Amino acid sequence: MSLADDLYRETILDHYHNPRNNGSIDNASATVEGVNPLCGDELTLYLKLTPSGLIEDVKLTAHGCSINTASGSMMSEAILGQSVERAQKIIEDFKTMMLTKEDETVFEDELEELEALRGVKKYPVRIKCALLPWNTLLEGIETARQAQAK
Ligand code: ZN
């Protein structure tokens with residue numbers, strides 16, 4: 001176990017024990033649910049967009065394993081206040097990192113923490129746990145955009 005692995009594990013445990021943006025939003029632009037039957041992870045994602053397409057608020061209620069909860073917490077911090085386009089790019093980069101064997105994904109300083117989840121790739125069965133919040137967010141963005149277009 002290297003020093004980097006220890007730091008990554010601490011980051012993940014910190015987010016698991018103190019999930020950021022935990023809760024719900026009353027007047028959300030989209031409310032979507034995600035399930036990972038392989039592990040039993042369940043989460044509800046609440047998303048609020050401004051008319052100009054900024055992520056004004058995001059909240060998560062997760063009943064899942066440590067990886068799932070930590071990943072959702074880190075994701076919420078990464079995308080809060082960003083434009084939808086930027087959030088979509090972050091999702092894409094994150095998925096590339098998790099799904100590519102020899103990925104070279106590098107996040108800029110403010111998003112560096114996300115790289116802590118790279119270690120999860122050593123446990124292929126847990127990759128879905130890490131990806132669930134991100135796939136749910138993609139669906140949430142889609143749902144919110146369709147509602148706005150009406
Ligand atoms: Zn899980």
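Tutor: pLDDT is the predictor's confidence in each residue, on a scale from 0 to 100. The model here is predicted, and the protein chain averages a pLDDT of 94, with 99% of the residues scoring at least 70.

Student: Why does a low pLDDT matter to a reader?

Tutor: Where pLDDT is low, the predicted coordinates should not be read in detail.

Student: What makes Cys39, Asp41, Cys65 and Cys129 donor residues of the zinc ion?

Tutor: A donor is an N, O or S atom within 2.8 Å of the metal. The SG atoms of Cys39, Cys65 and Cys129 and the OD atoms of Asp41 coordinate the zinc ion at 2.2 to 2.6 Å. Those distances are within 2.8 Å, so these atoms count as donors. In sequence the donor residues follow the spacing C-x1-D-x23-C-x63-C. Aspartate 41 is in strand β2 (residues 41-49), and cysteine 65 is in the loop between β3 (55-63) and α2 (66-79). These two are 24 residues apart and link distant parts of the chain.

Student: Are aspartate 41 and cysteine 65 buried or exposed, and why?

Tutor: Buried means under 20% relative accessible area. Aspartate 41 is at 0%, so it counts as buried. Cysteine 65 is at 15%, and therefore also counts as buried.

Student: What makes α2 "mostly covered"?

Tutor: By the same cut-off of under 20%, 12 of the 14 residues of α2 are buried. Among them are Ile67, Met74, Met75 and Ile79, and also Asn68 and Ser73.

Student: Why is the contact between aspartate 6 and arginine 9 called a salt bridge?

Tutor: The rule asks for a side-chain nitrogen of Lys or Arg within 4 Å of a carboxyl oxygen of Asp or Glu. For aspartate 6 and arginine 9 the closest N and O atoms are 3.2 Å apart, so the pair qualifies. Both residues lie in helix α1, 3 residues apart, about one turn of the helix.

Student: Why is histidine 17 called exposed, whereas glutamate 139 is called partly exposed?

Tutor: Exposed means over 50% relative accessible area. Histidine 17 is at 56%, so it counts as exposed. Glutamate 139 is at 43%, which means it counts as partly exposed. Histidine 17 is found in helix α1, and its C-alpha atom is 8.4 Å from that of serine 66, 49 residues away along the chain. Glutamate 139 is in helix α4. Glutamate 139 and glycine 34 are 105 residues apart in sequence, with 9.2 Å between their C-alpha atoms.

Student: Which residues make the nonpolar surface patch?

Tutor: Leu3, Leu7 and Tyr8 make this patch, which covers about 310 Å². Tyrosine 8 lies in helix α1 and counts as partly exposed at 30% relative accessibility.

Student: What makes the phi of asparagine 21 worth a remark?

Tutor: Most residues other than glycine have a negative phi. The phi of asparagine 21 is near 55°, a positive value in a residue other than glycine. Asparagine 21 is placed in the loop between α1 and β1.

Technical notes: Residues numbered from 1 in each chain as written. Predicted model: local features only at pLDDT ≥ 70, side-chain atom pairs only at ≥ 80, totals over all residues. Heavy atoms only, no water. Donors = N, O, S within 2.8 Å, 3.2 Å for Na, K, Ca; no water. Helix = DSSP H or I, 4+ residues; strand = E, 2+ residues; numbered from the N terminus. Buried < 20%, exposed > 50% of the residue type's maximum accessible area, 1.4 Å probe, protein only. Patch = residues over 30% accessible without salt bridge, like charges linked within 9 Å, V, L, I, M, F, W, Y side chains within 5 Å. Areas by Shrake-Rupley, 256 points an atom, 1.4 Å probe, with all protein chains shown as cover.
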